Amino acid sequence: MAEFVSEVKQIPQNEDRIFEMLSDLSNLEKIRDRIPQDKIKDFEFDKDSCSFSVSPVGKITFKIVEREPNKTIKFATTNSPLPLFLWIQLKQVAESDTRMRLTARAELNPFIKPMVEKPLQEAINRIANVLATLSY
């Protein structure tokens, strides 16, 4: 299993506010304008899941499979060409200072790994950057 980990990001907010926003995917409406329309299409979401189409991969659906209040939000793909698990980890180190890290794990066969390794790592880093700059 291949693992992709973002840099640790600092968010100037309490972990409970961050968790509250990120654990409800309907809040994605707040960042809809930051999603590159040329890369991601058919973006849909509700409280527990989100789906989108990415060329040439196709439609991908993520569903929240576990919420550990103020600590972790875990996602799994329910519709994807390859199984992918993603989680957001939060750790408050001081009042209004929370650290966040994204991790993704994917079962990649040796043939496909060289083709998707770099784009997946870049995607994890971009998602972490966007999440770190949100106004919570």
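Visitor: What joins β4 to β5?
Guide: A hairpin does, through three residues. Strands are DSSP runs (E, at least two residues), numbered from the N terminus, and helices are runs of H or I, at least four residues.

Visitor: What kind of model is this?
Guide: This is a predicted model: local features need pLDDT of at least 70, side-chain atom pairs count only at pLDDT 80 or more, and totals for chains, interfaces and linings use all residues. Residues are numbered from 1 along each chain as its sequence is written, and side-chain values use heavy atoms, leaving out hydrogens and water.

Visitor: How many bridges join β4 to β5?
Guide: Six, and the two strands run antiparallel. Two strands pair if DSSP finds at least two bridges between them.

Visitor: Which residue in β5 is the bridge partner of C50?
Guide: F62. In β3, F45 stands opposite C50.

Visitor: New topic. How many aromatic pairs are there?
Guide: Three. Rings of Phe, Tyr and Trp (its six-membered ring) pair if their centres lie within 6.5 Å; planes under 30 degrees apart count as stacked, over 60 as edge-to-face and the rest as tilted. The planes of F43 and F52 are at 40°, with centres 6.5 Å apart, so that pair is tilted.

Visitor: And what about F52 and F62?
Guide: They are stacked: 6.3 Å centre to centre, 25° between the planes. F52 is in β4 and F62 in β5, ten residues apart.

Visitor: Is F52 buried or exposed?
Guide: Buried, at 13% relative accessible area. Buried means under 20%, exposed over 50%, partly exposed in between (1.4 Å probe, protein chains only).

Visitor: Why is β4 called largely enclosed?
Guide: Because five of its six residues are buried.
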